[in-house]
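Dear colleague,

I am passing on to you the structure below, together with my notes on it.

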Amino acid sequence: GNPNASPFPSNFLFGTASSSYQFEGAFLSDGKGLNNWDVFTHKPGNIMDGSNGDTAVDHYHLYQAIEDLDLMQDIGVNSYRFSISWARILPKGRFGSVNKAGIHHYNKLINSLLLKGLSLVPLYVTQVRVSPMYLEDLTFCVTGIQPFVSLTHYDIPQELENRYGAWLSSQVQEDFKYHADICFKYFGDRVKYWTTFNEPNVAVIRGYRSGIYPPSRCSSSFGNCSNGDSEKEPFIAAHNIILSHAAAVDVYRTKYQKQQGGSIGIVMNAIWYEPISNSLKDKQAAERAQAFYMNWFLDPIIMGKYPKEMQEILDSNLPSFSNHDQEKLNSTGLDFIGINHYTSFYTKDCMFSVCEQGPGNTKTEGFALRTATKNGVFIGESTALDWLFVHPQGMEKIITYVKERYNNIPMFITENGFCENDKSDSLTEETVNDVNRVEYISGYLVALGAALRRKGADVRGYFLWSLLDNFEWTLGFTIRFGLHHVDFSTLKRTPRGSATWYKQFIANHTAEKILMPQHYPGNQLGQHFNTI
């Protein structure tokens, strides 16, 4: 009832996010195989600045040496979201052996996280095992930085692309299931938060419709590719991803979850689509935009069928689920939804109205034009990216939409962040004092708090993109999202003002919840706790 109390519950996760290809580097170290992005970035013309992720920010070698984990500890995060490089664990998928050096690397990273940032938190927050001693009066236990792990983040072993076309073949379901099983087996005793895929909607649209991501397949009317079918292949790839998710969740539920006590979900890129007018046609267009973007994956996983808007418009171009598939989907589902939310757009009807050319206006996209302007005014302040506009209201709206559509399934904001166009490695007052980033994060966190307080949304964590500047896909190193500036020539990390701001925000919203019991001397903690 206290209006000044934090809207974030005591077990809320505050973290930062990363991905293996964008952070790790070490692209052929210790037995790792080639993945699709290794091959794609080495082809001239695919990356804006001609760079690649061979080294990235060398997180693989330097997360301890340059003390990336200390940077996390200093900010005060209690969770770190990262992805496992599939080709580092299984260089040739199920057609080769498990790379034990890759297993060793992630074991070290997970253990280092759990031992970092040890603090006292309410006992019910964590699943760290506690000694039976003193349980009568003990209300706190020791926890570190919780790993929040994606099984893949846009990457797949190139071997599987070469053998059978990766996501265009149903064979990939067996490979993903095998990869998931290996990860659960070796890491699941300590990892309590799993996600199967990161933004499969982005990977499919950019890989098989526009062709700007690997495997670079598209029709000539959608992009510049040598092969592909933009009207059919995105839906085939998505269908196999959805069934791969179900296969992985089935393995987790039947073999591991009861013993390991974790949870599993999927991460979607989520844009808020605002109707450009109050007309029924534009409101329906906004709903179609969601159906053809986010609900495309979530509806089958949660409800067992594709959105009705997709079924009505695509007809035979939309794959169908067999009875067996539907049984598997209905029995697996997910435990939570990861939401990557950065931006909002207006939508305009193109099905029943005259519509100009532009993104979203085709049949394969749902006849819903996406635009950033209304009457010549942008939906929000523009940024260094042509798709990222500052519209914090969209955070509350997209969370409310997901809450209402999917019966308030638990959610995590798995990515949110602000970019700047800074091609120079040199430090200036402007690059360190990143006021615009602070204003962006602050506005979106206020909107997130409103969704919890006013709308009752069950959101359980927030992960900022990103801890460090890193390799930003086709934009290479030209765009920076980091709380810490990275000199890409020396790899030196320097905290920005946003790192200090995020640290203070976390402290302000956890100070009343994380307290040292006065009767428990710090030097006796080791005698009374068993950590994982």
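Helix α12, which covers residues 295-303, has seven of its nine residues buried, so this helix is largely enclosed by the rest of the structure. The buried residues of α12 are Asn295, Trp296, Phe297, Leu298, Asp299, Pro300 and Ile301. Just after α12 comes Gly304, whose phi is positive, at about 85°. Please keep in mind with this and everything that follows that the model is a predicted one.

Ala291 is buried, with a relative accessible area of 0%, and, if residues up to four places away in sequence are not counted, Ala291 touches Trp296, Pro307, Glu309 and Met310. Met310 is 19 residues from Ala291 along the chain, and the C-alpha atoms of the two are separated by 6.8 Å.

As to the overall content, the protein has 19 helices and 21 strands, and buried residues make up 60% of its 532 residues. Of the contacts with a separation of 6 or more, 75% are between residues 24 or more positions apart.

Turning to the sheets, eight strands form a closed barrel with parallel pairing, in the order β1-β2-β5-β6-β7-β9-β16-β18. Neighbouring strands in this sheet are turned against each other by 25° on average, when direction is ignored. Strand β7 (residues 263-269) runs parallel to β9 and is joined to it by five bridges, with Met268 having Ile339 of β9 as its bridge partner. Strand β9 (residues 336-340) is also joined by four bridges to strand β16 (residues 411-415), again in parallel; here Ile337 has Met411 as its bridge partner in β16, while Gly338 has Phe412. Five of the five residues of β9 are buried, so this strand is largely enclosed by the rest of the structure.

Strand β8 (residues 272-275) pairs with β10 in the parallel sense over four bridges, and Glu274 stands opposite Tyr346 of β10. The pairing of β10 with strand β11 (residues 368-371) also extends over four bridges, but in the antiparallel sense, and Thr347 has Arg370 of β11 as its bridge partner.

The largest nonpolar core has 151 residues, of which Trp167, Phe187, Trp194, Ile399, Leu448 and Tyr462 touch the most other members. Helix α10 (residues 233-260) gives the most to this core, contributing 12 residues. In soluble globular proteins, nonpolar side chains tend to be buried together. Leu448 shows what such a position involves: leaving aside its neighbours within four places in sequence, Leu448 is in contact with Phe8, Phe12, Met395, Ile399, Ile413, Val459 and Tyr462.

Two of those names, Met395 and Ile399, come back where helices α15 and α17 pack, together with Leu448 itself. The axes of α15 (residues 393-405) and α17 (residues 435-453) come within 7 Å and cross at roughly 30°, and the crossing is right-handed. The contact is made by Met395, Glu396 and Ile399 of α15 with Tyr444, Ala447, Leu448, Ala450 and Ala451 of α17.

Finally, a word on confidence. The protein averages a pLDDT of 91, and 90% of the residues score at least 70. Two stretches call for separate mention. Over residues 120-142 the pLDDT stays under 50, although the model has 64 contacts beyond four places in sequence for them. Over residues 512-532 the pLDDT is likewise below 50, and this stretch has 41 contacts in the model beyond near neighbours in sequence.

With best regards

Notes
Residues are numbered from 1 along each chain as its sequence is written. This is a predicted model: local features need pLDDT of at least 70, side-chain atom pairs count only at pLDDT 80 or more; totals for chains, interfaces and linings use all residues. Side-chain values use heavy atoms; hydrogens and water are left out. Two strands pair if DSSP finds at least two bridges between them. Helices (H or I, at least four residues) and strands (E, at least two) are DSSP runs, numbered from the N terminus. A nonpolar core is a set of buried Ala, Val, Leu, Ile, Met, Phe, Trp, Tyr and Cys residues joined through side-chain atoms within 4.5 Å. Buried means under 20% relative accessible area, exposed over 50%, partly exposed in between (1.4 Å probe, protein chains only). Contact means heavy atoms within 4.5 Å. pLDDT is the predictor's confidence in each residue, from 0 to 100. Axes are lines fitted to C-alpha atoms, for helices over the stretch in contact, and angles run from 0 to 180 degrees between N-to-C directions. A crossing is left-handed if the near helix is turned anticlockwise from the far one by less than a right angle, and right-handed if clockwise.
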